[in-house]
Amino acid sequence: MRCAGCSHDNPVGSVYCQHCGSRLPASEGNAWQGAPTPAFSPAPSAVGASNACRRCGSPLAPGLRFCTECGTPVQDSHAASAPRPAPVVPAQQTPVAGSHVWQAAPPHGAALAMTPPSCPPAPSIQDASPGAQAPTAASRPAEAPSGSPIARLVAIEKDGSDGRIFPVVSESVDIGRLEGDILLPDDPYLSPRHARLLRRGQTWFLRDLDSLNGCYIRIREPVELRDGDVLLVGQQVLRFEVLKDGESSLGPASMHGTLIFGTPEIPRVARLVQYTTEGIGRDVHHVHRDETLLGREAADVVFSDDPFLSRRHAAIAYDRSHGRFVLRDLGSSNGTSIRFRGERALLDGDQFRVGRHLFRFECGAGARR
């Protein structure tokens, strides 16, 4: 069985690649073809055995990096610690995002890594796909691998302070609700295996593993919007849609020769569709100005009941000569995030959201403290 990710040859019947842990494609010789993923529970005889997977109990051949049955890294050792109590959020004008319920948004797409601990020079955010912000780390602490850390994830608490630290000691770390190296079982918005943090050359990447709710990254610079991009401002999950030619201006309507009386028409160029936890679009806000402001008070599109928005939070600029839309944050307290497609290069200090959890990625000297 050849792995599509790393091209490693695996024994016939393997479910996961023994070299990189990726799921292998179904084929005639693969035992899991068409079968559901089994529920994992260690076999009594395998518990504590050094030559058996500590997660599913399957026997492990010498030299394997990942279990071929469940994809669990062989070298990781896990130690659970006591849950961290949620801190009290101090009173402030714009609370830090984190205590609210996170809406689901429509899905998007999702690669592998290796190399030394130094961070790459910062590429422009336009060169990569969009992204995020989030709350407290798991009530049941994730299992921290042993070894010398080469990077780390710092959970950001509800009050904006640093929470639990997750050391990264290998070039590939999976995050999920039920499967992976960092487990967040208290987060119902996470897919079983949601995202992968990996290193390729000198650069770290965050890859979405075809999760339902995706991964969001907090923007540092203005970023160009594309049709279908999903934004995160405060608690608002907004899908950006560019209007087709037939939708931008419908013209005056009439009935039996009489014009319909109403508010004067304004040609529209795009719209923001508000998505809720019901999984459907609710309110629609049309974009027709050269610059449309989003915020809690002094804005064109106002969400007055969202305490996680700043008064003037973000802006969408429209370049009429080139038909381009650019999103920028207006120095908001909680930032503006965008859902990215596939994988996204990470810089030291980037913040990203998976489910309802917000993490800060560190790969500089501070990551090895």
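How many salt bridges does a search of the whole structure find? The search finds 20, a salt bridge being a side-chain nitrogen of Lys or Arg within 4 Å of a carboxyl oxygen of Asp or Glu.

## Model and conventions

This is a predicted model, in which local features need pLDDT of at least 70 and side-chain atom pairs count only at pLDDT 80 or more, while totals for chains, interfaces and linings use all residues. Residues are numbered from 1 along each chain as its sequence is written, and side-chain values use heavy atoms, with hydrogens and water left out.

## Salt bridges around Asp174 and Arg193

Aspartate 174 pairs with arginine 193, with the closest N and O atoms 2.6 Å apart. Arginine 193 sits in the loop between strand S4 (182-183) and S5, and aspartate 174 in strand S3, so the bridge ties together parts that are 19 residues apart in sequence. Strands here are DSSP runs (E, at least two residues), numbered from the N terminus. Both partners are buried, meaning under 20% relative accessible area with a 1.4 Å probe, protein chains only.

Aspartate 174 also forms a salt bridge with arginine 196, again with the closest N and O atoms 2.6 Å apart. This pair links strand S3 to strand S5, across 22 residues. Arginine 196 is buried, as is aspartate 174. Arginine 193 in turn meets glutamate 179 in a salt bridge (3.3 Å, N to O). Glutamate 179 lies in the loop between S3 and S4, 14 residues from arginine 193, and both of these residues are buried.

## Nonpolar cores

A nonpolar core is a set of buried Ala, Val, Leu, Ile, Met, Phe, Trp, Tyr and Cys residues joined through side-chain atoms within 4.5 Å. The largest one has 24 residues, of which Leu153, Trp204, Leu346, Phe352, Val354, Phe359 and Phe361 touch the most other members. Elements that give two or more residues to this core include strand S2 (162-168), strand S3 (172-176), strand S5 (195-200), strand S6 (203-208) and strand S22 (357-362). Strand S1 gives the most, with three residues.

Leaving out residues up to four places away in sequence, phenylalanine 361 touches Leu153, Leu197, Trp204, Leu346 and Phe352, among others; contact means heavy atoms within 4.5 Å. Its contacts also include Arg152, Asp348 and Asp350. A second, separate core has 21 residues, among them Val223, Phe240, Leu294 and Phe303.

How values were computed
Buried means under 20% relative accessible area, exposed over 50%, partly exposed in between (1.4 Å probe, protein chains only). Helices (H or I, at least four residues) and strands (E, at least two) are DSSP runs, numbered from the N terminus.
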